[in-house]
Amino acid sequence: MTSGTLTPPGKERTAPAAPRPARSRRRLLLAPYLFVAPFYVVFAAFGLYPLIFALQLSFTDWKGASEARFIGLENYTYLLTSEEFWSSLGNSAVMWLLIVPLQIVGGLAAAVLLANARLRLRGMFRVAFIAPFVTPLVAMAQVWIVAFDTDYGLVNHLFNLVGLPDVDWLQSTAWAKPTLALLFLWKTTGFAIIILLAGLQAVPADVYEAAALDGASRKRQFWSLTLPLVRRSVAFLVVVQTLAVFQMFAEPFVVTQGGPYGSTTTGGLYLYNHITASDLGTGAANSFLLVLLVFALSLLSVRLLRSRDE
């Protein structure tokens with residue numbers, strides 16, 4: 001009999017694994033970072049560097065060809081005291097009021113209907129709602145110009161059929177913003193419905209079953225269950241659409257060119273006007289003021305829509 005620990009029958013003692021060389025351990029530690037390194041390289045080249053360059057540019061007077069001249073806060077002072085700048089923000093704020101509340105209410109109502117499994121042709125309705133979102137905006141903007149033409153447009157023709165007078169949809173300061181808001185709603189409401197529908201489908205079905213067993217009506221279930229449970233989806237949608245409205249460019253650029261009398265010059269279009277005028281320093285300062293404004297509005301929206309338990 002040999003001394004030492006006895007090995008149980010059927011099992012053999014195995015020698016402990018040899019430790020990995022230091023070089024192999026370093027490779028294992030570096031492997032995750034090497035896999036994610038391409039993202040950080042691309043982000044630094046096309047995200048971080050342009051952001052830092054634009055911030056530096058906002059403190060200079062640069063026309064693109066000549067040498068940039070440092071002028072401190074003059075670009076920001078000029079914008080904050082410019083009537084046109086505040087007018088563009090006011091136009092964007094009015095567009096926000098015309099678009100986002102209506103889109104949230106209408107999108108939520110459509111999402112609730114599309115979430116109903118008993119709805120016939122549900123797939124066809126989903127395709128119909130998302131089709132405008134994937135349609136090229138410039139093409140539909142041209143359709144809007146033709147349809148809302150004062151003299152030959154389809155909308156005024158339909159108004160005349162029921163005895164209503166013509167409306168200067170795109171030539172009137174009173175109607176130009178609602179017309180553009182209608183185009184934006186037609187284009188992006190499908191996206192809002194997708195976000196809200198995803199939020200509704202994430203709610204467990206047994207929650208509604210339990211509420212029904214407790215005697216809660218459909219109306220009570222909507223106010224007490226549906227709205228609180230999709231609060232995060234609504235908050236996300238408000239933030240995204242706020243950013244989109246204050247950056248709105250293509251719609252006024254193609255349809256109204258910012259007119260009439262600057263009534264549809266949004267924050268995004270006003271920024272574009274500085275770039276086309278080769279006033280790149282002021283344009284960079286304008287972009288950062290828009291970022292700060294949208295960040296503040298988004299933070300306020302999230303805070304207002306946040307549930308009490310969070």
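**View 1. Seventeen residues line the largest pocket of this predicted model.** In this predicted model, 17 residues line the largest pocket. V112, A115, N116, Y208 and R218 lie nearest the pocket's centre. The space inside is about 640 Å³. By class, the lining has 10 nonpolar, 4 polar and 3 charged residues.

View 2. Which helix gives the most to the lining? The answer is α9, with 4 residues.

**View 3. Helix α7 packs against helix α10.** Helix α10 covers residues 231-246. How do we describe such a pair? Two packed helices are described by the angle between their axes and the distance between the axes. Here the axes come within 9 Å and cross at roughly 155°. Angles over 145 degrees count as roughly antiparallel, so α7 is roughly antiparallel to α10. The crossing of these two helices is right-handed.

**View 4. Side by side, α7 and α10 make a contact with no charged residues.** From α7 come F184, T188, F191, A192, I195, L196 and G199. From α10 come S233, V234, F236, L237, V240, Q241, A244 and V245. By class, this contact has 11 nonpolar and 4 polar residues.

**View 5. F191 is one of the α7 residues that meet α10.** F191 sits in helix α7. Which residues does F191 touch, leaving aside its neighbours within four places in sequence? They are I130, F133, L237, V240 and Q241. Take L237 as an example. F191 and L237 are 46 residues apart along the chain. Their C-alpha atoms are separated by 9.1 Å.

**View 6. Helix α10 also packs with helix α13.** Helix α13 covers residues 280-305. The axes of α10 and α13 are 9 Å apart, and the angle is about 160°. That angle makes α10 roughly antiparallel to α13. The crossing is right-handed.

**View 7. Residues of α10 and α13 form the contact between these helices.** On the α10 side are R231, V234, A235, V238, V239, T242, L243 and F246. On the α13 side are L290, L293, V294, L297, S298, S301, V302 and L305. How many residues of this contact are nonpolar, polar and charged? The count is 12 nonpolar, 3 polar and 1 charged.

Notes
Residues numbered from 1 in each chain as written. Predicted model: local features only at pLDDT ≥ 70, side-chain atom pairs only at ≥ 80, totals over all residues. Heavy atoms only, no water. 1 Å grid on protein atoms, 1.4 Å probe; cavity = no way out; pocket = protein on both sides within 12 Å on 5 of 7 lines; lining within 4 Å. Points joined across faces, edges and corners; volume = space filled by probe spheres on them. Nonpolar A, V, L, I, M, F, W, Y, C, P; charged D, E, K, R; others polar. Axes fitted to C-alpha atoms, helices over the stretch in contact; angles between N-to-C directions. Parallel < 35°, antiparallel > 145°, perpendicular 65-115°, else oblique. Left-handed = near helix turned anticlockwise from the far one by under 90°. Contact = heavy atoms within 4.5 Å.
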